[in-house]
Amino acid sequence: MRLGKVASGVALVFIFIFTFSVSASADYLPDSLTIDGAPISKADKNPVKLEVNLYTPEVLPAPAVVLAHGYGGDKNSLRAQANYLREAGYVVLSYSARGFGQSTGKISMNSPEFEIADAKALIDFLATRSEVLLDTSGDPRVGLVGSSYGGALSLMVAGLDKRVDAVVSDIAWNNLETALFPQNAVGINHPGVFKQLWTGLFFNVGLTGALQLQDRCGRLEVTWCEIYESVAAAGTYSQQQARLMFESSPASTNEKVTAPTLLLAGQADSLFPLSEADANYQQISTANPQTPLKMVWHSGGHDLGVPETDRLQLLTQEWLDAHLREGNSFNEDFEVTFAQASIIGTNQPTESQAQIESAPKYQGLNNRTLTIPLAPEAQTILAPAGGVPAVISAFPGLGGFGGFLSQLIPEQTAIFQSSKLDKLARIIGSSEVKLRISSEEVHRDVVLFASLQVISESGVKSLPNGLVAPIRIPEVSSIPVEISVNLPAIAIKTQPGDSLQVVVSTTDLAYRLPLSAALYKIELASDISLATGDLVLTDRGQTLWIYAWLVLGTIILISVVLRIFRPYSVSKNRSDLSEVPVAIENLVKQFKNGPLAVNDISYKIPKGKVVGLLGPNGAGKTTTMRIIMGLINPSAGAVYVYGEKVQPGAAVLSRVGSLVEGSGFLPHLSGRENLDLYWRATGRTTTSNLDEVLTIADLGTAIDRKVRTYSQGMRQRLGIAQAMLGMPDLLMLDEPTNGLDPSQIKAMREVLHRYVDSGGTVIVSSHLLSEVEQTCSYVIVMHRGQLITEGEVSQLLSGKGNMRLEEFFLDVIGSDLTIGKSS
Amino acid sequence: MKYLPEKTLPFSVEFIRQFRRRRTLVAYSLMVLLPLLVVAAVKLGGSADEGTADGGNFGSGTLSLIGLATAGAANFTVVMIFFATGFLLTIVFALFAGDTVASEASWSSLRYLLAAPVPRRRLLGIKLAVAMTLNLFALLILILTSYLVGLLAFGSSPLVSPIGGTFTGGEALFRLAIIGTYVFITLLFVSAVAFYMSVRTDVPLGAVGTAVILVILFAILDAISALGDLRNWLPGHYSQAWTDALGSQITWDNMAKGAASSVILFLILITFAYLKFERKDIMS
């Protein structure tokens, strides 16, 4: 079968591709080393032991890349990225920061004295390796790459170590203070609102883990442990603690960064939002305007979002190529992904799910060029006692669920809605709105959350990435206080017909909320000033294989249609045989890997007779009958029924009724339903003789019982009745007397004789020779696929005295008999 | 005696033959039972969920799918589809398509239909049409029961998507229609495997089992990240892409790929089934 071969060919190709891909991606095994870092602590000057993986590329010497992991990770969590960069030709050093993995020491939150100094020691180490390309002695060509905790570290090392030649910093913080205590009321010098859920999750990773919980601080260095415990209890911090947070932040070192820096920021990030990356950008570019800088707002982040791992890996490599190798360059365009999340699966976004737009230059968060009026009604909202129930806008690590979770609580929420926008607008950055807040009583430490929601024309509400902007005001009284609010930094495209809502609410589950109840009157003091941007779609090329699919699909569709709807081939008619019920000519049937079931047989069944087909097991009787029925295709030769060549579906088969190798009924239907449905399936237009054949079946009331309950004899009789439906010209019965009692056998014999008398022809195969002798007037004897003899019973037995058919039969087929067993 | 091949085995006859089977009743009962069971579990399963069931205006606080399900009839329907596509619908689609020819062979009734003679192509065509109709009914019963049960249990709140957006009335029904259609299309692949095997074997369970096992096998391969992008070519890789219809805007490309691959594989397998069946020696 040609198509079968094609199919196995396709399967082979697939197997080849799979095997190839698996062997190609077989993991390269890095060298596992231990390197001395900076001192363990202020008191203990012994160096920490840092575990590292060193990946060496094939072409040496090569530039080096230090890979720093995120909070909670270790050197092994970076394996995929390290292999990718190694294949791109870099010596890659990934390591576990102190307190993580098997590295010793305690976590000091990227303290310059400890973690940053550790990284410097790693650069010292790279300078001693012959595999690494050196700028000068002791100064390797090296880039730093990291995400989150490692992203902040990369930036800080670049600020504190001049040997760093390139930086890729993903979803890093700028200042722990502003990240963990965000304050979006402009100009209010008051600690922001404690982001307690995220902070708790973040620090608790350091408290427990691989090293077991030994004391309250676990792997956290005691200073940081105490800071966390104190701010978690108080919900705010001291000046000294603010200074420590600042020192552990890129904010303290950014002014010294001169290495080319790629800043990757996550839009789905309620921990270190876009404003943190923006602050890093502004600080670096203000201090050293010549520093090559590129900002990318991807669709991932700490809240997962739509991960763009593949693209970010490529961007990282291109940035490193441009700044660690000669002869390459890479653009410094500002790139923004407009993505639509998928709930399930973390597939890389496709082209229409994630459109990437770019502008030649990063514009910051405050490019506010569009002012839109909002409905100004003053609204009074409740801050509930105890801070509950609280709105859930984003859940750490799952922020994108915001759409579902941010069902607002009406009494806690003031909404200021715009009219419908008349054209497409890009909101890129942090929009601004002025609010006027008052209350009848005096309240201190007032916490509010502002956000920008989009309502589509069909009423679909969405809160971009579930982000809200917390505001903390020292005091509110009956004299309204007017504040300017920076709404969350986002990147969205609004459609014509969308409208915007500024939502001000009193609660958010992720933050520390005041415990006392209060009522606030919120008024709008200005229109909303939208941060916008002029971006153009980046052409990422067409995915050609889609067209390949389409072409393939069309070809298949056409061939299927041609195949299925091609006309039935017309049987070849032999007019000379039109009066012969069955004519068999040189029939051969060879089964695949089987015996020669029928070996060159030719005979004609005479019309108007009951013909017996005799032979022991394996004689080929049943095979022949199945060929006559069009069930089995002959290997050679042909069968003609009333002159028409038999093939599957040959119309002449409608003149044949048959019962071969037992009956076949649907067990869940009654006998009557079976016959009725069978008749309706035969495509015959005459009225059925159902009642007549039911009399022959003689099933009584059982005819309306399910066939499942029938005995073998009942099924047999029903099968014979089915074969007689419509009184076909040729009736072919295989072992018709199986399961019948003697009186039924006698009745059957009469039925068959009557059938012949009314002009039909009957073929009966049986191993009960006496039965055949009484019923048939003509016999055909087969043995081992061959025709032994045929003729009128009377003629065959004539001149043989009183020989019975049985003795004659034994005589002609010899001694190797298996007669008596059912055929 | 007049014989018209185009009148053999009419759709209605084959439909009665298949519809009256016990497995049809069992499969449809499961489709009705699943939403009832889930509602019972939610209603009887402790007080945590009651807050959302009777008011639900401050979110459920749980991120579980059950939490999503209790938001309203439309949400409940979506979650039921999510539960059912994993395994239940796969088995049902494999069942209806897989034992249609094979069970006929195992009852020995196939040879009498073919000797009637029902032309072989017509027999396959009608059997496929009836199997797919029964499949469609199964999906519709699941969706309609879920919606009704959800309506009685959780009210008619708008469809709330976990990835942003609330859809009211007509929009929600439109999204449900897209989801239902896409789920049906992705299950074409399962049906086609089962149908092809049904033509090859006389053991109904073998045909159904092969299809189910293949689906499981592809799901396992799909979970092996070392296969990388090659997984995109696995049948069933995009079987959950209907969730893209829950965004504030529908993103079509994953659904387009999933639908294309399912339809193409369906056509290929059905063609092979025809080729096989037309030449097959019927030994059953």
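A residue is taken as buried when its relative accessible area is under 20%, as exposed when that area is over 50%, and as partly exposed in between, with a 1.4 Å probe and protein chains only. The model is predicted, so that local features need pLDDT of at least 70 and side-chain atom pairs count only at pLDDT 80 or more, whereas totals for chains, interfaces and linings use all residues. Side-chain values use heavy atoms, with hydrogens and water left out.

Of the 284 residues of chain B, 59% count as buried. The accessible surface of this chain, computed by the Shrake-Rupley method with a 1.4 Å probe, comes to about 10,300 Å², and 71% of that surface belongs to carbon and sulfur atoms. Chain B holds 11 helices and two strands, these being DSSP runs of H or I with at least four residues and of E with at least two, numbered from the N terminus. With contact defined as heavy atoms within 4.5 Å, 80% of the contacts in chain B between residues at least 6 apart in sequence join residues at least 24 apart.

Nonpolar cores were defined as sets of buried Ala, Val, Leu, Ile, Met, Phe, Trp, Tyr and Cys residues joined through side-chain atoms within 4.5 Å. The largest such core has 179 residues, and those with the most contacts inside it include A:V582, A:L675, B:L89 and B:F277. Its largest share, 17 residues, comes from helix α9 (residues 169-200) of chain B. A second, separate core of 79 residues includes A:L54, A:I116, A:L220 and A:L274.

Strand β12 (residues 354-359) of chain A is joined to β26(A) by two bridges, the two strands running antiparallel, and A:E357 has A:L537 as its bridge partner in β26(A).

One disulfide is found over all chains, under the criterion of a pair of cysteine sulfur atoms within 2.5 Å. This disulfide joins A:C217 to A:C225 with an S to S distance of 2.0 Å, and both cysteines, A:C217 and A:C225, are buried. The torsion about the S-S bond of A:C217 and A:C225 is about -80°, and the disulfide is therefore left-handed. A:C776 likewise counts as buried, because its relative accessibility is 6%.

How values were computed. Residues are numbered from 1 along each chain as its sequence is written. Chains are lettered from A and ligands numbered from 1 in the order in which they are written. Two strands pair if DSSP finds at least two bridges between them.
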